[in-house]
Amino acid sequence: MKELNPTDPIGQNIIKTISNVCFSVFVFSVLIFTVIAITYQPPDPWESSRALTKIFTDYENATFKTDTSVFKTGEDIAAASPLATPAGSLPPITESTIKQSEDQITTNSTVKSGCEDSSTLNCSDPRVLIAIQRFNLKTYKAIAFLDYQTPVNGSKPDECDVAWRFRNKKEKSWRKYRDFRRFRIGINDDDCSYKVVRPGRWHSGVNARRPRTQVISDGKDRTAKIAPPVKDDEINDTIPVLGSDSAFRQGRYLYYSRGGDYCKDMNHYIWSFLCALGEARYLNRTFVMDLSVCLASTYTQSNKDEEGKDFRYYFDFEHLKETSPIVEEGEFMRDWKKWEKSRKTKVPLRKVASYKVTPMQLRRDKSTIIWRQFDAPEPENYWYRVCEGPAGKYIERPWESLWKSKRLMNVVSEISGSMDWDFDAVHVVRGEKANNKMLWPNLDADTSPDSLVNKLQGTIAPWRNLYVATNEPFYNYFDKLRSNYKVHLLDDYKYLWGNTSEWYNETTALNGGRPVEFDGYMRVEVDTEVLYRSKTRVETFYNLTTDCKDGINTC
């Protein structure tokens, strides 16, 4: 057979044809990949329970009606990068820092040994504090101790009261909490050093509380130091003020009017709120925030939606201010009206009537105010719709900005501290799911009192402190567990939000002098955080029952 000659016109044509076909295939392949890259959308967590699981929570539900007995926020999530520690924060006290303090004391010849005068105890002796620090470090391993005050005398000659600040090692935030305890102090026979004979319970060292000055209204300008309830002076949830007219005009704002998310389930509300906050970050604008929250009937005693709740009851407003540029809606509206009354020109404003106008289209808008309006019928008027579709590639919800209220976290610390941070927990989901035998056929039986006793005996050691986080409304439902464990329920700690508590006083002041109900959502937040601080945790749908979390055939 005659071979092809490259100089032959027929051979050249065949080679050109093959080259053109290969090039056409290459171009077509590039075109296909380009189309796929443009049109592909990652799973939206709202539509995909699995994506929601990976991004935010381990508790997924295809209808987004997630388990209302547990709720995570930013301090419960392991961030991709460590949270920035505020300037001036204290490093945890370690054995090495205690040893350094001990060495400094040894070089001080003015400090007498404990054996020289064992009849009286000087609580201000720095060696007493070292003994307490070393004891706490060995006993309360779940706690990072940050600083101590000088011990003061207790109620007996051999007792000292001391206060300190700490944080729980399982919490991802940098927030500090306060405790003060009474310790019985003794002396070691071998080296005459001080030792802790017996520690007191949570908040037992009442003499170490910081006194407040109060004016006595007896006709004279006298003052007296009183022992007040424990007050967290580090909470700062005041509303930020823009300041001058020029400061208002120089700003750029993103304002959302109320949509269909109002009075929806709290999970829905937070999902939408963080979408709005994420868009404000993307647009490099200050978010105009409505602090008024409508609590869904799921969480209220009246079983009706209740408006007028304050965002600060549930979430850490101070942390939100520090991590995201926000302005309160009332302050914003007053400054806006004040500007337009004092100027002939109006503030540049762009109204956006549909969520279909994407954040990318607004990126270069120079208007002072971008006002998104949600007047369409549901579900077209949900805030989270702004983050759907192509916008999902650009808008990141700032979960790290949303922490639970420090006041509620103080309640969590009180409960955990009262068990000396040494407890196990079981999460028992009942409520509507236990009554729905079509979707959860075994849940009711698997979480019955007898079943709980049998299943926990193989997991939790006898007579351990056992905290039960649950949505079961009947307090005595778990009485059978008391034959094997020291059972603790949230209702055992009602005094922490009763009318003599610091939580009650501070929320009443925040609410203009009107008492605030410790509602169902607050209970969920506290239950969640105590549950996460336990040493051993037993879950309903992973340990107690074979039913699927989201109903039959969804495992």
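**View 1. A left-handed disulfide between Cys-548 and Cys-555.** The torsion about the S-S bond of this pair is about -120°, so the disulfide comes out left-handed. The sulfur atoms of Cys-548 and Cys-555 sit 1.8 Å apart; to count as a disulfide, a pair of cysteine sulfur atoms has to be within 2.5 Å. Cys-548 is buried at 10% relative accessibility, while Cys-555 is exposed, with a relative accessible area of 72%. (Buried is under 20% relative accessible area, exposed is over 50%, and partly exposed is in between, using a 1.4 Å probe and protein chains only.)

A quick note on what you're looking at: this is a predicted model, where local features need pLDDT of at least 70 and side-chain atom pairs count only at pLDDT 80 or more, though totals for chains, interfaces and linings use all residues. Residues are numbered from 1 along each chain as its sequence is written, and side-chain values use heavy atoms, leaving out hydrogens and water.

**View 2. Cys-263 linked to Cys-294.** Here's another of the 4 disulfides that a search of the whole structure finds. The S to S distance for Cys-263 and Cys-294 is 1.8 Å, and the torsion of about 90° makes this disulfide right-handed. Cys-263 lies in the loop between β8 (253–256) and α6 (266–282), and Cys-294 in strand β10 (residues 292–295), so the pair ties together parts 31 residues apart in sequence. (Helices, H or I with at least four residues, and strands, E with at least two, are DSSP runs numbered from the N terminus.) Cys-294 is buried, at 6% relative accessible area.

**View 3. Cys-275 linked to Cys-387.** This S to S distance is 2.0 Å, and with 105° about the S-S bond the link is right-handed.

**View 4. Helix α3 packed against helix α4.** Helix α3 (residues 95–106) and helix α4 (residues 126–139) pack at about 165°, with their axes 10 Å apart. (Axes are lines fitted to C-alpha atoms, for helices over the stretch in contact, and angles run from 0 to 180 degrees between N-to-C directions.) That makes α3 and α4 roughly antiparallel, a label for angles over 145 degrees. Residues in the contact (heavy atoms within 4.5 Å) include Ile-98 and Ile-105 of α3 and Ile-130 and Leu-137 of α4.

Methods. Angles under 35 degrees count as roughly parallel, over 145 as roughly antiparallel, 65 to 115 as roughly perpendicular and the rest as oblique.
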